[in-house]
Every structure is written in structure tokens, then in C-alpha cells.
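Here is a short briefing on one protein chain. Look over the fold first, then the confidence, then the surface.

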Amino acid sequence: MNLSLIRARQAQRGSTFLGIILGVVVGLAAALGVAIYVAKVPVPFVNKNTSRTSGQDAAEAQKNRDWDPNAPLRSRNGAKPSTPNSGVATGTVAPAPDPAPIPAPAEVTRAAPRTPAVPAPACAAVRG
């Protein structure tokens, strides 16, 4: 056998197992680094000094009560009255008509049960 072929086979022994072990070690080290980084980074959107007075709460409630979310959409001059030829209907809206009355259901009479023209055959005597 060729000597270089034997050395090639010996050089590759254990490399799969060694690769798995090294991959696990490197992965755990990366996970540990990410965990330490996340633990030390400050949490955004958290205000730790939340000491508000009731006056501040009342002022904010008043501001929110008068707040109009559509204010930026309006023009500064206010709403202009529409002209009759502008294609927009003007005037008052007629009230809705009264709903039509629902008629009472008709009473259905049932026919009397008919008796059969031919009597049913008598059953055999019950033995007891």
C-alpha cells in the first residue's frame, strides 16, 4: 500500500468527533457572551423615576380630554361652507319612514283525523 494513503487515513481519524466537540464549545461560548451582553444593557422605554403628583395627573387628564386627533387635518381658516353647485348635497336629512306593520299570522285549522276505511287486521292473541 502507498504510505501517503495510510497517512491520509490516519490524519482524518477523529476529526468528525473533534469537530462536534469544538462546535459545541464555540456555540456555548457565543451564547454565554450574548447572555452577559443582554444582562448588562439597560432596558429601553423604562422610566425608573416615576414620581408624579396628582396635579400633574390632573393636568394631563385635562389635556387629553380636550385633545383632538384630527386637528392637524383641518385647514387654518376653518371649514368652508359648500356652494350649491359644488356637487355636495346640502340641507337637512328627511326622517326615516315608519316601518311597515307586520301582519298577524293567519290561523291555520287542522282537519280532523281520518279513520281508515278498512279496519286493521286483529293481532294474534298474546300468549302469556
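**Fold and confidence**

The protein chain has three helices and zero strands. Helices (H or I, at least four residues) and strands (E, at least two) are DSSP runs, numbered from the N terminus. The model is predicted: local features need pLDDT of at least 70, side-chain atom pairs count only at pLDDT 80 or more, and totals for chains, interfaces and linings use all residues. Residues are numbered from 1 along each chain as its sequence is written, and side-chain values use heavy atoms, with hydrogens and water left out.

Layout
- From the N terminus on, the element order is α-α-α.

Confidence
- Mean pLDDT (the predictor's confidence in each residue, from 0 to 100) is 76 for the protein chain, and 63% of its residues reach 70 or more.
- Confidence is lowest in helix α1 (residues 3-12), at a mean of 60, and highest in α2, at 94.
- Where pLDDT is low, the predicted coordinates should not be read in detail.

Surface
- The protein chain has about 13,400 Å² of accessible surface, 62% of it on carbon and sulfur atoms.
- Accessible areas come from the Shrake-Rupley method with a 1.4 Å probe; for residues, only the protein chains shown count as cover.
- Of the 128 residues, 0% count as buried, meaning under 20% relative accessible area.

Val41
- Val41 sits in the loop between α2 (15-40) and α3 (54-65).

Conventions: Buried < 20%, exposed > 50% of the residue type's maximum accessible area, 1.4 Å probe, protein only.
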